[in-house]
Structures are given as structure tokens and as C-alpha cells.
Amino acid sequence: MSDVLLADFDHRTVNCDGVEINTRTAGDGPPVLLLHGYPQTHMIWHHVAPRLATTHTVVLTDLRGYGDSDKPPSDSEHAPYAKRAMARDQLLVMRELGFERFAVVGHDRGGRVAHRLALDHPQAVSALAVLDIVPTRYAFQHADADFGRGYFHWFFLAAGNGIPEHLIGQDPEFWIRTRMAARHQGGTPFSEEAQTAYVRCFSDPAAIHASCEDYRAAATIDLVHDEEDAAAGRRVTAPLLALWGAHSFVGRHYDVVQVWREYADAVAGQALPCDHYVPEEAPTQTVRHLRQFLSEHGA
């Protein structure tokens, strides 16, 4: 684990019912949990987290299956990588740190985990920010040829028989660097130290497999849970902020705020001058909007 970018953050490992979650903390004040996306680790927040730590207690984790967190075996239903299981890890981390109620900010896969956390444990989530996503259920319901081209990796990574694991495993560094480069436009360049950390963690075959299980779960068991919520009328009750890249697929193809209003009670949103990797490409704007949102809602 590199300390170059987050030198002031303490490190610990939190046992979440047998799954060890890599965790880092810094700052003082209201707690906020930051969750990363694919194929990154908590390092995606290296620009944002230190700035937020001047006003908040910032908690960074690697999701199960990613980074230096455990990569538990999966099953035929992909339940260990359901967002429900991944969200519960994060709830247990925050409880272990002494926080029963907290704000959550999630980018990409982390946004999906954060969405599930707010649905399953509404008493714990004081405010929710989701970065460059629309809900999984909505994305699949409205998938078309453009979605297939832009999000081909959703289907590739969910394929069975070890196909994506084998192909990515031949050159994980190529996969990570080309995937990220293809979804960056303008703004702050990627940090070489951060990308090196991503490559190190993703070079573990167990991480490649676990991340594929994450996407397999999204296309199966997660949708079951999402449909159950829709049928029961369950929505996000915490205030929700959506940030997205003006040049990203999400920004170009969805009315992001309107989509989230189908799933949450109180939604605000803003496009930022970047592509998909919002915390790395537009960190200053991200911090500004997060601080304003958290302040407005006492989080």
C-alpha cells in the first residue's frame, strides 16, 4: 500500500464478519465515507480526501474484492458480491469506528454500494452523493446500442466460464490503463502513483475474479433486490447529490437528476467539466460541491 498520496491518513484493517476491509481515516468533524469504483481502490480520492478532512472525519475503504481488502469466494448466485453484502461491510466499518450515522459518497461501483447502503440502512445514512452513475436497474432497463458500445465492459465482465478473468489476466496493466485513458477528457491528469497502486492491486488474479463477480452480481442478484425495492415502493430518503462528468456517457445520455428523482425523495445535481473519473479529473469542483451539500444537510 502506497502512502505517497495519503500520507496523513491512518491505516487499519476492520473485520466485517470475517471479511477484512482495508480502511484509512483522517480529520475531525462529521463522518463521511468515500467509496471508490472500478478498477480503482481508495486511492481515487487522493485529491479529494485530504481537503475534506479539514472539516470532516473522512473514512476511505477498499470495497470487498478490491484493493487490499479481502476477496472472499463467491457462489453460483454471486451473493457474496451483491451490493447488499458489500454495503453491509461498509456499515460495519463505520460502526467499528464509532459512527452510527454518517454521509456516504460513492463513485462508480462505490456509488452503487452507497445506493444500496442508503436503501437497506436508511437510519445510518445522513446524506448520499453518487458520482457519474444512474441506478443499475434504470441502466439495464434503458440499455440500447449506445449503451452496449459505451458500457461493453458490463457485459464482458459479467460473462461466465472464466473468460474475462483469463483475458484480463494476460495483461492487467494494459486493461487498467487503457480503460481509464478511454474515459478521461480534460481536467487533472491521472496520478502515476495512483495508477501504479491500481495496477498492483489488480494484478492479483483474485482481484480480477472478485471484480467480475461484482459485475455478475449487478446483472443478476442486484436486479432482484432492486425489483423488490421498486415493488415495495422503497426509495432513498436521505438527501441525494448527483455529480457527473459533462463529457461522460452518463452526462451525454441521461437526464441524471430526473432519473434519480425516480429513486430518491430529494435530489440535486451538477455536471462537472470532466469525463467518468470525477474525483480524479475534477477534484476542486468535486470538493466544492460536496462541502456545500454536506453543509446544507448538517452532514
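In which helix is the place of Arg-51? Arg-51 has its place in helix 1 (residues 48–52), where helices (H or I, at least four residues) and strands (E, at least two) are DSSP runs, numbered from the N terminus. The model shown is predicted, so that local features need pLDDT of at least 70 and side-chain atom pairs count only at pLDDT 80 or more, while totals for chains, interfaces and linings use all residues. Residues are numbered from 1 along each chain as its sequence is written, and side-chain values use heavy atoms, with hydrogens and water left out.

View 1. With a relative accessible area of 32%, Arg-51 is partly exposed, a class that lies between buried (under 20% relative accessible area) and exposed (over 50%), with a 1.4 Å probe and protein chains only. Not counting residues up to four places away in sequence, Arg-51 touches Pro-283, Thr-284, Val-287 and Arg-291, where contact means heavy atoms within 4.5 Å. Arg-51 and Arg-183 are 132 residues apart in sequence, and their C-alpha atoms lie 25 Å apart in space.

View 2. Helix 2 (residues 83–96) has 14 residues and reaches 20 Å from its first C-alpha to its last, close to the 20 Å expected at 1.5 Å a residue; the expected span is 1.5 Å times one less than the number of residues in the helix. Its buried residues are Lys-83, Met-86, Ala-87, Asp-89, Gln-90, Leu-91, Leu-92, Val-93 and Met-94. Just after helix 2, Gly-98 takes a positive phi of about 95°.

**View 3. Helix 3, a mostly covered helix.** The twelve residues of helix 3 (residues 109–120) should span 16 Å at 1.5 Å a residue, and the end C-alpha atoms are 17 Å apart, which agrees. Eleven of the twelve residues are buried, among them Arg-109, Arg-112, His-115 and Arg-116.

**View 4. Ile-133 in the loop between strand 6 (125–131) and helix 4 (136–141).** Ile-133 counts as buried because its relative accessibility is 2%. Leaving aside neighbours within four places in sequence, Ile-133 is in contact with Asp-108, Gly-111, Arg-112, Val-250, Val-256 and Trp-260; of these partners, Gly-111 and Arg-112 are also among the buried residues of helix 3. Ile-133 and Ala-242 are 109 residues apart in sequence and 8.0 Å apart in space, C-alpha to C-alpha.

**View 5. Gln-195 in helix 9 (residues 192–202).** Gln-195 is buried, with a relative accessible area of 8%. Not counting residues up to four places away in sequence, Gln-195 touches Arg-177, Met-180 and Phe-190.

**View 6. The whole protein chain, as a setting for the close-ups.** The secondary structure of the protein chain comes to 15 helices and eight strands, and 58% of its 299 residues count as buried. For 299 residues, a compact globule would have a radius of gyration near 19 Å, and the 17 Å of the protein chain agrees with this; the radius is taken over C-alpha atoms, and the globule rule is 2.2 Å times the number of residues to the power 0.38. Along the principal axes, the C-alpha atoms fill a box of roughly 45 × 45 × 40 Å. Among the contacts in the protein chain with a separation of 6 or more, residues 24 or more positions apart account for 75%.
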